[in-house]
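This report walks through selected local features of one protein model. Keep the sequence and the 3D view open while reading.

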Amino acid sequence: MTRLSVNINKIATLRNSRGGNNPDLIQVAKDIESFGAQGITVHPRPDERHIRYDDVYQLKEIVTTEFNIEGNCEEQKFIDLVLAVKPEQVTLVPDALGQLTSNHGWDTITHKRYLTDMIGAFKKEGIRVSIFVDPLEDMIAGAAETGTDRIELYTEGYANHYHQGIELAAAPYIIAAKKAQELGLGLNAGHDLDLKNLKYFAQNVPGLLEVSIGHALVSDALYYGLENTVQMYLRQLA
Ligand SMILES: CC(=O)[C@@H](O)[C@H](O)COP(=O)(O)O
Ligand SMILES: NCC(=O)COP(=O)(O)O
């Protein structure tokens with residue numbers, strides 16, 4: 001079964017918009033877990049426009065499922081944060097400074113040496129490592145050479161194209177997943193997954209261990225309520 005990790009960045013965006021503590025990010029994380037989600041994901045960015053570095057320390061105290069921290073390991077502040085907090089999983093994402101949202105995976109061939117060193121440093125501390133990659137076989141082969149435990153397939157391409165034909169949109173992800181399996185890599189996926197596109201993806205991409213979903217899930221919660229929404233997503237994965 002594929003596990004659901006809820007990305008709570010957008011809860012923090014709402015809180016930050018008024019400078020107070022409403023909604024209470026910590027309480028929301030606890031509630032999401034009690035509604036059945038199997039993980040909490042955060043993606044702190046250097047400008048702290050949503051998750052703040054301080055939030056991550058507080059979340060570590062209360063998350064009882066899997067805590068996944070995503071971010072760019074080229075920032076020393078991010079490395080220090082992850083090594084101090086020691087989440088169950090770190091997901092390395094090659095975002096540029098000030099980027100609106102993640103928009104590409106690692107070039108695992110060009111950055112192989114660098115990734116190998118970084119991944120080794122996190123694994124030494126007992127932190128499982130996943131790296132964000134596009135669904136390209138050569139990038140997955142490169143990932144396998146870095147020592148990463150898992151890859152996270154960047155799913156924006158699937159989300160953008162599934163309206164035009166779901167089988168065609170999913171095809172590169174199925175090939176990528178098979179390659180990951182062949183090379184012994186665990187498989188996660190995320191970015192723009194939603195209630196319309198998730199079920200087909202989860203049912204057809206082999207070996208999918210975890211999806212992290214934030215933007216669409218928090219948006220859906222405005223209509224359906226948070227508890228109901230988490231359960232609707234879980235049913236897509238059942
Ligand atoms: C790696 C990835 O796809 C997610 O982390 C996503 O980018 C969420 O980050 P934002 O909430 O900052 O858009
Ligand atoms: N890793 C992807 C993630 O955490 C959530 O992405 P999105 O659902 O906010 O696009």
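Lys-86 is partly exposed, because 14 C-beta neighbours lie inside 10 Å. A residue is buried if 20 or more other C-beta atoms lie within 10 Å of its own, exposed if 12 or fewer, and partly exposed in between, with C-beta atoms placed from the backbone. Lys-86 sits in the loop between helix H4 (76-85) and strand E4 (89-92). Helices (H or I, at least four residues) and strands (E, at least two) are DSSP runs, numbered from the N terminus. Lys-86 is not a glycine, yet its phi is positive, about 50°.

Glu-48 also has a positive phi, near 50°, and is a residue other than glycine. Glu-48 belongs to the loop between E2 and H3. It has 13 other C-beta atoms within 10 Å and is therefore partly exposed.

## Basis of the model

This is a predicted model: local features need pLDDT of at least 70, side-chain atom pairs count only at pLDDT 80 or more, and totals for chains, interfaces and linings use all residues. Residues are numbered from 1 along each chain as its sequence is written, while chains are lettered from A and ligands numbered from 1 in the order in which they are written.

## A cis peptide bond

Most residues other than glycine have a negative phi, and most peptide bonds are trans. The bond that joins Asn-22 and Pro-23 is cis, with omega about 0°. Pro-23 lies in the loop between helix H1 (9-16) and helix H2 (25-34).

## Annotated active site

An unreviewed UniProt entry places the feature "active site" at His-43, Glu-70 and His-191. These positions spread over 149 residues of sequence but cluster in space, with a largest C-alpha distance of 12.1 Å. UniProt positions are given in the numbering used here, feature names are shortened, and annotations may be inferred rather than shown by experiment.

His-43 is in the loop between strand E2 (39-42) and helix H3 (53-62). His-43 counts as buried because it has 23 C-beta neighbours inside 10 Å. Leaving out residues up to four places away in sequence, His-43 touches Asn-7, Asn-9, Ile-51, Glu-70 and Gly-71. Contact means that the C-beta atoms of two residues, placed from the backbone, lie within 7 Å. His-191 is in the loop between strand E7 (186-190) and helix H9 (198-204). His-191 has 24 other C-beta atoms within 10 Å, so it is buried. With residues up to four places away in sequence not counted, His-191 touches Ser-102, Tyr-154, Thr-155 and Glu-156.

## Helix H6 against helix H8

Helix H6 (residues 137-144) packs on helix H8 (residues 166-182) at about 25°, and their axes are 9 Å apart. Axes are lines fitted to C-alpha atoms, for helices over the stretch in contact, and angles run from 0 to 180 degrees between N-to-C directions. H6 is therefore roughly parallel to H8 (angles under 35 degrees count as roughly parallel). H6 contributes Glu-137, Ile-140 and Ala-141 to the contact, and H8 contributes Ile-175, Ala-176, Lys-179 and Ala-180.

## Helix H10

Which residues of helix H10 (residues 215-224) are buried? They are Ala-216, Leu-217, Val-218 and Ala-221. The buried residues of H10 pack against strand E1 (3-7), H1, strand E8 (208-213) and helix H11 (226-237).

Notes:
Parallel < 35°, antiparallel > 145°, perpendicular 65-115°, else oblique.
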